[in-house]
Amino acid sequence: MLKKLIPLAAAVFVMSFTAQAAGAAELLNYDAKTFAAAEAAGKPILVEIHASWCPTCKAQQPILGNLEKQDKFKDLIVFRVDFDSQKDAVKSFGARMQSTLITFKDGKETGRSVGDTNATSISALLDKTI
């Protein structure tokens, strides 16, 4: 009996994880053409200026991850810009530091924050995309 329950439990876990992930925002590595296409399509966008070594960026990740799973952000496209290797993109967004979050709606910037690790204010920033 137990042998039959383990695969069933595993299947239920995979289906629930897949259903949850299906409603999540889409995370992409930044690419100028893909960003321009999403912007032209009027998609809600979050740009994360991120560095793997940055403690503030690391603190932002679980907050963003939880918010991006919310149904209201299911259409959000998240572009991660690498602060160290994508200097042209960092400059084009007018960012001076890693841990910068920039939101866009209908092709226009709607807000930005730098170094924010407060879930409430990050949520308010993301709300500007919807």
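Biologist: Quick one first. Which residue in β3 does Glu48 stand opposite?

Modeller: Arg80. Bear in mind that this is a predicted model.

Biologist: Noted. And what is the bridge partner of His50 in β3?

Modeller: That's Asp82.

Biologist: How many bridges join β2 to β3, and do the strands run parallel or antiparallel?

Modeller: Six bridges, and the two strands run parallel. β2 covers residues 45-50 and β3 covers residues 77-82.

Biologist: What's the strand order in the sheet?

Modeller: β1-β3-β2-β4-β5. It's an open sheet of five strands with mixed pairing. β1 (26-29) and β5 (108-114) stand at the edges, and each has a single partner strand, so one side of each has no neighbour in the sheet.

Biologist: What does the twist average from one strand to the next?

Modeller: 20°.

Biologist: Which helix packs on the sheet, touching β2, β3 and β4?

Modeller: α3, residues 55-68. Its direction makes about 160° with that of β2.

Biologist: Back to β2. How many of its residues are buried?

Modeller: Six of the six, so β2 is largely enclosed by the rest of the structure.

Biologist: Which of them point which way?

Modeller: Ile45, Val47 and Ile49 point one way, while Leu46, Glu48 and His50 point the other way. In a regular strand, side chains alternate between the two faces of the sheet.

Biologist: Changing topic. Which residues touch the most other members of the largest nonpolar core?

Modeller: Phe35, Val47, Ile49, Phe79, Val81 and Phe93. That core has 19 residues. At least two come from each of α2 (32-40), β2, β3, α4 (87-92) and β4.

Biologist: Take Phe79. What is it in contact with, leaving aside neighbours within four places in sequence?

Modeller: Its contacts include Leu28, Tyr30, Phe35, Ala38, Ile45 and Val47. Asn29, Asp31, Thr34, Leu46 and Glu48 are also in contact with Phe79.

Biologist: What lies apart from that core?

Modeller: Another core, of twelve residues. Among them are Leu46, Ile63, Leu76 and Leu125.

Biologist: Now the helices. At what angle do α3 and α5 cross?

Modeller: Roughly 50°, with the axes coming within 10 Å. That makes α3 oblique to α5. The crossing is right-handed.

Biologist: Which residues make the contact?

Modeller: From α3, Gln60, Ile63, Leu64 and Leu67. From α5, Ala119, Ile122, Ser123 and Leu126.

Biologist: Where is Leu101 placed?

Modeller: In strand β4.

Biologist: Is Leu101 buried or exposed?

Modeller: Buried, because its relative accessibility is 1%.

Biologist: What does Leu101 touch, not counting residues up to four places away in sequence?

Modeller: Several residues, including Leu46, Val47 and Glu48. Gln60, Leu64, Ile122 and Leu125 are also among them.

Biologist: How far apart are the C-alpha atoms of Leu101 and Ser113?

Modeller: 5.3 Å, though the two residues are twelve apart along the chain.

Biologist: Last bit, the whole chain. How many helices and strands?

Modeller: Five helices and five strands. From the N terminus on, the elements run α-β-α-β-α-β-α-β-β-α.

Biologist: And what percentage of the residues is buried?

Modeller: 35% of the 130 residues. As for contacts between residues at least 6 apart in sequence, 69% join residues at least 24 apart.

How values were computed
Residues are numbered from 1 along each chain as its sequence is written. This is a predicted model: local features need pLDDT of at least 70, side-chain atom pairs count only at pLDDT 80 or more; totals for chains, interfaces and linings use all residues. Side-chain values use heavy atoms; hydrogens and water are left out. Two strands pair if DSSP finds at least two bridges between them. Helices (H or I, at least four residues) and strands (E, at least two) are DSSP runs, numbered from the N terminus. Axes are lines fitted to C-alpha atoms, for helices over the stretch in contact, and angles run from 0 to 180 degrees between N-to-C directions. Contact means heavy atoms within 4.5 Å. A nonpolar core is a set of buried Ala, Val, Leu, Ile, Met, Phe, Trp, Tyr and Cys residues joined through side-chain atoms within 4.5 Å. Buried means under 20% relative accessible area, exposed over 50%, partly exposed in between (1.4 Å probe, protein chains only). Angles under 35 degrees count as roughly parallel, over 145 as roughly antiparallel, 65 to 115 as roughly perpendicular and the rest as oblique. A crossing is left-handed if the near helix is turned anticlockwise from the far one by less than a right angle, and right-handed if clockwise.
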